[in-house]
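Subject: Structure for you to look at

Hello,

Here is the structure I said I would pass on. Please open it beside this email, as my notes on it follow.

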Amino acid sequence: MSRVLTIDVPTCVNAYQLRTDRGSFAVLDAAPPLAARRGTALLLPGFTGSKEDFLPLLAPLAQAGFRAVAVDGRGQYESAGPREESAYAQRELALDVVAQSDALTRDGGGPLHLLGHSLGGLIARAAVLDAAPSPLPWASLTLMNCGPAAIETAQQVRTSMLIDALGGMDMDNIWQVMQAMEADGGTAAAASEVDAFHHRRWMGTTPEQLIATGRQLIAEPDRVTELAAAPLRKLVVSGAADRTWPVPWLDEMARRLGAERVVIDGGGHSPNVHRPQETAAALAAFWAQ
C-alpha cells in the first residue's frame with residue numbers, strides 16, 4: 001500500500017485537471033517562472049498511489065528550476081476511469097502518458113523529462129517503447145524503484161491476494177481488512193488527517209484499475225534490451241533497500257540500460273516520500289545535464 005507522510009500542498013503548487021486528447025487528468029503542478037525554467041518533468045505514481053506521493057518533491061524541483069507535474073493516471077484517485085479492465089491495459093495507460101506529455105509540451109518551457117515510480121516506471125517504459133521509433137517527446141526517462149520485469153515472488157503473492165479480494169469484496173471492506181492486518185503487524189497509526197486521505201484515495205480509485213495493473217506487476221516481461229535502444233538519457237534511482245524489486249536487480253538493470261544509477265540512503269521503496277530533498281537534488285542534477 002502506497003503511503004504518504006504529509007498531504008500539505010506547497011504554496012507554489014496548483015491543482016487542476018490537465019486536458020489532453022485522451023481526456024482530463026488530475027495533476028499537481030509546481031512551476032518556476034517561465035523565464036527561469038530549465039525544463040518540465042512529468043511524474044507518474046505507482047500501484048495504489050497517486051500524484052500526492054510526489055508532494056515532497058514538487059517545491060524542491062521548482063526551486064531548482066524545473067516545472068514538476070504529478071499526475072493521477074486514469075482510474076487513480078481524482079482522475080476518472082471506466083469500470084472495464086480492458087481500459088487499463090498497459091498500452092492504454094502508455095498512450096495516456098503520451099497525451100499528457102503532448103499537452104505539457106504545448107506549454108513550452110524547456111525539455112520534457114519523464115519519471116515513473118514503481119508501477120509508474122513500467123507504464124513510462126511502455127510509453128517510450130510504444131512511441132519509438134517516432135521522435136520521442138522526452139529528453140530523459142527516470143525509473144524510480146522500478147525493476148526490469150515482474151515484482152519479487154513474495155510481492156507477487158501479496159498482489160494476487162489483493163486482486164482476488166477486489167473481485168469479491170467492496171473497496172471499503174478490503175480497506176478495513178488491510179488496516180487490521182497492518183495493525184497486527186505493528187505498523188504505527190498514521191496521523192488522522194493523513195489516514196483520512198489514504199482512505200479517501202483508496203475509495204476514489206477504480207477497482208478495475210487496481211486489478212489490471214496488479215496483474216501487470218505480476219506478469220511484466222523483461223523489456224530492458226528494447227529500452228536500452230531507445231534514444232534518450234536514462235536514470236535508475238532507488239532507496240538502498242527495496243522488497244518490491246531487490247536493489248541488485250536495479251543495479252543490473254541500470255548496467256544493461258547504460259543508465260546513470262543513484263541510490264538514496266534511507267529512501268526505501270519511496271525515496272520521493274522518505275528522502276525528498278536528496279531525491280530532488282539527484283533528479284535536478286541529472287535533468288540539468
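**Helix 4**

E152 caps the N-terminal end of helix 4, with a side-chain oxygen 2.9 Å from the backbone nitrogen of A154. Such a polar contact is a pair of N or O atoms within 3.5 Å; within protein, one must be able to donate a hydrogen and the other to accept it, and residues adjacent in sequence count only if both atoms are side-chain atoms. Helices (H or I, at least four residues) and strands (E, at least two) are DSSP runs, numbered from the N terminus.

Before going on, note that this is a predicted model, in which local features need pLDDT of at least 70 and side-chain atom pairs count only at pLDDT 80 or more, while totals for chains, interfaces and linings use all residues. Residues are numbered from 1 along each chain as its sequence is written, and side-chain values use heavy atoms, with hydrogens and water left out.

The end C-alpha atoms of helix 4 are 20 Å apart, which agrees with the 20 Å that its 14 residues should span at 1.5 Å a residue (the expected span is 1.5 Å times one less than the number of residues). Which residues of helix 4 are buried? They are Q155, T159, L162, I163, A165 and L166, where buried means under 20% relative accessible area, exposed over 50% and partly exposed in between (1.4 Å probe, protein chains only). These residues cover an arc of only 160 degrees around the axis, so they are on the same side of helix 4; the arc is that of the directions from the helix axis to the C-beta atoms. T153, M161 and D164 are exposed on the other side.

**Cores**

A nonpolar core is a set of buried Ala, Val, Leu, Ile, Met, Phe, Trp, Tyr and Cys residues joined through side-chain atoms within 4.5 Å. The largest has 56 residues, and L114, V128, W138 and W202 have the most contacts inside it. Helix 3 gives the largest share of this core, 9 residues. Apart from it lies another core of 25 residues, including L28 and F54.

Contact means heavy atoms within 4.5 Å. Leaving out residues up to four places away in sequence, L114 touches residues including L42, V97 and W138. Q90, in helix 2 (residues 90–106), is buried at 16% relative accessible area.

**Aromatic pairs**

Rings of Phe, Tyr and Trp (its six-membered ring) pair if their centres lie within 6.5 Å; planes under 30 degrees apart count as stacked, over 60 as edge-to-face and the rest as tilted. How many aromatic pairs are there? The count comes to 3. F66 and W287 have ring centres 5.5 Å apart and planes at 65 degrees, so this pair is edge-to-face. F66 lies in strand 4 and W287 in helix 11 (residues 276–287), so the pair ties together parts 221 residues apart in sequence. The rings of W175 and W202 have centres 6.3 Å apart and planes at 35 degrees, so that pair is tilted.

**Backbone**

Most residues other than glycine have a negative phi, and most peptide bonds are trans. Y77, not a glycine, has a positive phi of about 45 degrees, and N145, also not a glycine, has one of about 50 degrees. N145 is buried, with a relative accessible area of 0%. The peptide bond from A132 to P133 is cis, with omega near 10 degrees.

Regards
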